[in-house]
Amino acid sequence: MRVELREISPGRGSNMAISMGVISRMILYSLIFIANRAVGAASIGVNYGRIADNLPSSNQVVQLLVSQNIDKVKIYDANAEFLQALANSGVSVMMMVPNELIQSIASSPSQAQVWINSNVLPYLPNTKITTIMVGNEILTGADPTLIPQLLPAMKNLYNSLEAAGLAQRIKITTPHALNVLDPNSSFPPSSGAFQPSLASSVMQPLLDFLAQTQSVFMLDVYPYFAYKADNGQHISLDYALFGTNSTGQDDPNTGLHYFNLFDAQMDAVYSAMSKLNHSDLQIVVSETGWPSAGAADDLGATLDNAAAYNRNLLRHVLANPPPGTPLKPGVAIDTYIFELFNEDLKPGDLIEKNFGLFYPNMTKVTYVSFSVDGSTSPGISASNAASSNKRLTGHNGFCLLCLVWCMEQILWNYLVLRPEESVRHAIH
């Protein structure tokens, strides 16, 4: 029932319309939003690379994502066919400006506008573009001449989004490899610091920009490569796989205990950012995964280990409430698994071709349940994984609908029966 109060009695104000139905919905949506933010619900997405000659069509890929309830995908370009295929699918996308375009966009605001006009605007609003990533692992990549061009390119693209009224809707950021950290200070996690050649001249202004634009720090996190490089000397397989039998490691500086390598790597980066006065930024894990096959010397690259890593990662990330990390307890970590398909033309070692969750024929490499309870899929957040009635209850079991009713009564009394009270409070 919709109840409208069209008029307050003369002397108490006039032409004041209050729709209790609108108030009810506003309160309900606000409370659900607050409840979800209190949990800080994390979500899982997937990376979709296309360095292969045997992949399904874009439409088939979108159908696969939807069938698996994967509602977040990250791509390494701005492929027009795929962006069009995503339209009205419910799947959001993080897209990328290729490395080779960074210099031209950095040097010319008009080039940034051209890129936005060509690769973003034609697909809105039907395609849910949430993030534009500028390059991939630029700060530790093969072309150091791009490093000073990165932030200017990001700023030009942000200004173009702002001119189009999209700066609050689409984030500008860039993914980093873990080796942006100084290798001499990556352990214990509290000692984490960025490479001296990057810290003050590059990373500081970059972090400042991300904070000013309310964007996120994107990080590629691979416990596998640390485990392989260590060759089993100090890092156990169980520690790298989130295993329950891991005794873990202590940080002697903080007294914090780490049960898995993923958290330790995350906290090393949190520590590095804190040293540059940025404890305010959210980290999004832009890539993480484990190879299901490799050469004889690729330690631990097996089907079973890949399944265990992805399964345990999902359980860790989607836990409700989120565990966070020892240094950042309770902080949700949005995570993108690398990757959707095996890529047969990927350069490098054999393991690089075998990170996929699916084969190109769209059958699963291994069965992985994409939730804590085995019922949900990668793009579904921890909060949405709950049943519909749980969405209307707080974390202590109180009913949000009951709270809405109570708030309505308070608002009726405060704004309608005693409007002079609300006016007096508003002006003091």
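This is a predicted model: local features need pLDDT of at least 70, side-chain atom pairs count only at pLDDT 80 or more; totals for chains, interfaces and linings use all residues.

Tutor: What follows is a conversation about the terms used for this protein and the values behind them.

Student: Why is asparagine 47 called buried?

Tutor: Buried means under 20% relative accessible area, exposed means over 50%, and partly exposed lies in between (1.4 Å probe, protein chains only). Asparagine 47, in strand S3 (residues 44–48), has a relative accessibility of 0%, so it counts as buried. By that definition, 50% of the 428 residues of the protein count as buried.

Student: What makes the pairing of asparagine 47 with lysine 74 a polar contact?

Tutor: A polar contact is a pair of N or O atoms within 3.5 Å; within protein, one must be able to donate a hydrogen and the other to accept it, and residues adjacent in sequence count only if both atoms are side-chain atoms. The side chains of asparagine 47 and lysine 74 are joined by such a contact at 2.6 Å, and a polar atom of the asparagine 47 side chain also lies 3.0 Å from the backbone oxygen of serine 286.

Student: Is leucine 345 buried, exposed or partly exposed, and how do you know?

Tutor: The relative accessible area of leucine 345 is 47%, so this residue is partly exposed. Leucine 345 is found in the loop between strand S13 (335–337) and helix H12 (400–417). Leucine 345 and alanine 52 are 293 residues apart in sequence, yet their C-alpha atoms are 4.8 Å apart in space.

Student: Which residues does leucine 345 contact, and what makes them contacts?

Tutor: Contact means heavy atoms within 4.5 Å. Leaving aside neighbours within four places in sequence, leucine 345 is in contact with Ile51, Ala52, Asp53 and Lys353.

Student: Why is helix H5 called oblique to helix H6?

Tutor: Angles under 35 degrees count as roughly parallel, over 145 as roughly antiparallel, 65 to 115 as roughly perpendicular and the rest as oblique. Helix H5 (residues 109–119) and helix H6 (residues 147–163) pack at an angle of about 60°, with their axes 8 Å apart, where axes are lines fitted to C-alpha atoms over the stretch in contact and angles run from 0 to 180 degrees between N-to-C directions. That angle makes H5 oblique to H6. The contact involves residues including Trp115 of H5 and Leu157 of H6.

Student: What are H6 and H7 called relative to each other, and why?

Tutor: The axes of H6 and helix H7 (residues 196–212) cross at roughly 10° and come within 10 Å, and H6 and H7 are therefore roughly parallel to each other. Among the residues that meet are Leu151 and Tyr158 in H6, and Val202 and Phe209 in H7.

Conventions
Residues are numbered from 1 along each chain as its sequence is written. Side-chain values use heavy atoms; hydrogens and water are left out. Helices (H or I, at least four residues) and strands (E, at least two) are DSSP runs, numbered from the N terminus.
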